[in-house]
Amino acid sequence: MPGMPADSGSAIVPFSGEPKHAASAPPVRPIRHGVPPPISRVYISWSSGNLLQVACLRPPSPEEGAGRGGEEVGGRVVEVNLGVGAGNGSTEVEEEVDEAEMRRIEYGSVPAFALLQSRKNALAEAAAMQHMHSVSEHAEWWQYVLEYSKTIGNLLGNQDSLPALIFEDPRAILKVREKPTSLKAAWELLEIFYVDKELHSWLLERLVDWLADYDSLLTKTDGTVYCKLNNFQKKLINLQIVENDDDYWNGLSAALSVGWLDVVVNMLRFHGSYQLDQMDNRETENGLVEAVAVLVSTMPRMRPDLPKSKLGQCCKTRPDFIKAWEKWRGQVSKLECSAFWIQCSHQKTRDGLKNLLHIMMGNIKDLTAATSHWLELFASHFLYIRPFTVGFEGMHHLAQKCIQLKPSFDANGLTGLLNGILSENPEVVLAECTKKFGPWMVTHCMELLAADNDYADIMLHEERPNFGGISIEELHRLVYAQVLCSHSLTWQIAPTYLSSCLNQGLGLLEILLLKQPIQDNRLVLKTLELCRLYELENVGTNIMKIAGIYHWKHGRKGTGVYWFQQAHDKVRLDRIAQQLFERIGKSVADDNFKQWEGLLELLGSDIGSAGGLEFLHRYRDFKRSLQQALEGRTGEAARQTVEFLIQLMRNPSTPQRFWLPLLHDSVKLLNCKPRPLLNVAETTLLLNKLQELSMAKLRPDFCSNHLPSHALSSVRLALGSNLARAILEEA
């Protein structure tokens, strides 16, 4: 759905609402696209779930073409989550994960994922030797997955930084240190139900703890326990007598229904009967409030331990818990039937405290009235009505009943995810993760789903013909890898996931590496490092060749030759040598000599892999020595030049068409007085080469040089003269 931007400030699409409709103004979400103005066109399209893709494009101009090497930003695509947020003026209780934070998570999860895959491969080899069907049969596998899950969980956010029940302020109910994220909440749910076997005996207590951390995320429309307490906290500062306010007792009932015992005890101490000037007149009332607070603080909890901020009586075994629970229920029933209630004159206090006792006794009517979300009602059932339930026993059936009683809008996928978990349906869980939490979540959570679930393990790893012969696990990894490849800041970590896809991953990895830009040498080095890491030598060689061609064509000859040498590309180095041969000067003073001499310096001292350029290295040494000999700098320079000449003429890599220029440049040395520089054998060698050159002129494919016409006769005369003097010298 393309559209043209408007000319009204920085807004892409301005909204001009009428004053009478100001209350119903649509929610406005800022788009951080990062594209410099002007923006000429905007494209909008739906993505998966509630994601909306917005593409902002700049107008094309000649200055942004190939001349700048594609460095100028032409546009950008961003995703907007329409399912998060409640519009203008709403109180946000969830921290959205922005691009920078998501990149931190993506990079941080790579070591944990790679370590787990390495351990899986090692266990797979051991399982094959021990004739096991799968890796999950190893006793230590679930511990590896749990360690992996804890690492990812810490990466998503520290538990201590989430909304906590902390009472630093005596009249503070909830203190939000950092807004929670649905991504962290979803990950913890999967860990609780699929990975941590140590939690199975106190699974419901762990779910209550999870609800205490993430109740604020369950819905944006219904008043959850968190919302009730948060609203009352704002109201508390203006209240003189809290027990006269209905929201006070509603908040107490709601907090008790979901097991937030420390909140309940703290709020009970707000009661006016605790004030020093009221104790004498309200002694019975204060005693009842304190008795309820003591019962709440000693409620049995079936769990191995309790954090310092949590209240309750810890029971580590099921028999101990049943015994403590029956005793505690008896105390609650005894207080409920006490005669002291008649002496309590404050009607709201009496009714509110009795309502709390009804909740502790498991009264379904009061529990239903105290909760707003089906998950809160679900947790209250297992806290007070079915406290002895273990594992998944009847949980899904109860969840469906709670959903019917408390239908709630699922804003961020958490309740849908939990419903899929309780139904023990991995397909539903995977679908919810795909729809609500994106490719990163799906890719990394599949290890949790299959950790101790044979059906999920088969479902995820079975190769499917309709997917091109790959499994669901590999499909989602490939999708996530493509997401990483689409961004310049994350493509470097995509190979970790592509390499774990045995069917199509390595082929896509080769394509990814070959498509990386080669303009920047640092990026080329990074790509080559990845090639070495994943043992893709052929791909690395091709990348070096491509880089060499690019730099050579753009005038960076030295960089081009460097990459050709690194690739051991003898064919192209020979072609370069042929081009350089055309530029060789006719004499030492020629300026062309300086041009190609600098290029040879860049080739380095290792000429073994330089192919046809070996001749140019030797010719450079000959030219330098000849220059020194003609200038008379050293006495040995002349003899050294002759030695270079003999080596060049004997070397088969020296092209025949350069024999005459070499000899012509040496005429002055050949005529050197008083004694010859060449002996008889050396002079004979050069005369034979000259004879071969004379015969070669008769062939049609002979390549002539640009020397004067008398050059051949001058060289023949100098060699003849040197031969005569050499014979006399030896005689």
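Buried means under 20% relative accessible area, exposed over 50%, and partly exposed in between (1.4 Å probe, protein chains only). The views below show a predicted model, in which local features need pLDDT of at least 70, side-chain atom pairs count only at pLDDT 80 or more, and totals for chains, interfaces and linings use all residues. Residues are numbered from 1 along each chain as its sequence is written, and side-chain values use heavy atoms, with hydrogens and water left out.

**View 1. Isoleucine 237 in a loop between two helices.** At 69% relative accessibility, isoleucine 237 counts as exposed. The loop runs between helix 5 (225–236) and helix 6 (246–257). Helices (H or I, at least four residues) and strands (E, at least two) are DSSP runs, numbered from the N terminus. Arginine 171 lies 66 residues away in sequence from isoleucine 237, yet the C-alpha atoms are 8.6 Å apart.

**View 2. The protein overall.** The protein has 30 helices and six strands. Of its 731 residues, 47% count as buried. Contact means heavy atoms within 4.5 Å. Among contacts with a separation of 6 or more, 64% join residues 24 or more positions apart.

**View 3. The largest nonpolar core, with 145 residues.** A nonpolar core is a set of buried Ala, Val, Leu, Ile, Met, Phe, Trp, Tyr and Cys residues joined through side-chain atoms within 4.5 Å. The residues with the most contacts inside the largest core are Leu190, Phe193, Trp210, Leu268, Met360, Phe378 and Tyr384. Helix 15 (residues 426–449) gives the most to this core, with eleven residues.

**View 4. Surroundings of leucine 268.** Neighbours within four places in sequence are left aside. Leucine 268 then contacts Tyr248, Leu252, Tyr274, Val289, Val292, Ala293, Leu353 and Leu356.

**View 5. Helix 8 against helix 9.** Helix 8 (residues 283–297) and helix 9 (residues 318–336) pack at about 165 degrees, with their axes 11 Å apart. Axes are lines fitted to C-alpha atoms, for helices over the stretch in contact, and angles run from 0 to 180 degrees between N-to-C directions. The two helices are therefore roughly antiparallel. Angles under 35 degrees count as roughly parallel, over 145 as roughly antiparallel, 65 to 115 as roughly perpendicular and the rest as oblique. Helix 8 passes helix 9 in a left-handed crossing. A crossing is left-handed if the near helix is turned anticlockwise from the far one by less than a right angle, and right-handed if clockwise. Leu288, Ala291, Val292 and Leu295 of helix 8 meet Trp328, Gln331, Val332 and Leu335 of helix 9. By class, the contact residues are seven nonpolar, one polar and no charged. Ala, Val, Leu, Ile, Met, Phe, Trp, Tyr, Cys and Pro count as nonpolar, Asp, Glu, Lys and Arg as charged, and the others, Gly among them, as polar.

**View 6. Helix 9 against helix 10.** Helix 9 packs on helix 10 (residues 347–360) at about 150 degrees, with axes 10 Å apart. That makes helix 9 roughly antiparallel to helix 10. Their crossing is left-handed. Helix 9 contributes Trp328, Arg329, Val332, Leu335 and Glu336 to the contact; helix 10 contributes Leu357, His358 and Met360. The residues divide into five nonpolar, one polar and two charged.

View 7. The buried residues are Leu414, Thr415, Gly416, Leu417, Leu418, Gly420, Ile421 and Leu422. They pack against helix 3 (182–195), helix 4 (203–214), helix 12 (374–385), helix 13 (395–405) and helix 15. Just after helix 14, glutamate 424 takes a positive phi of about 55 degrees. Most residues other than glycine have a negative phi. Glutamate 424 sits in the loop between helix 14 and helix 15. It is exposed, with a relative accessible area of 55%.

**View 8. Glutamate 535, a residue other than glycine with positive phi.** Its phi is near 55 degrees. Glutamate 535 lies in the loop between helix 20 (521–533) and helix 21 (537–553). At 61% relative accessibility, glutamate 535 counts as exposed.

**View 9. Lysine 689 in helix 29 (residues 680–696).** Lysine 689 is buried, with a relative accessible area of 15%. Leaving aside neighbours within four places in sequence, lysine 689 contacts Met649 and Trp659. Arginine 650 is 39 residues away along the chain, with 9.3 Å between the C-alpha atoms of arginine 650 and lysine 689.
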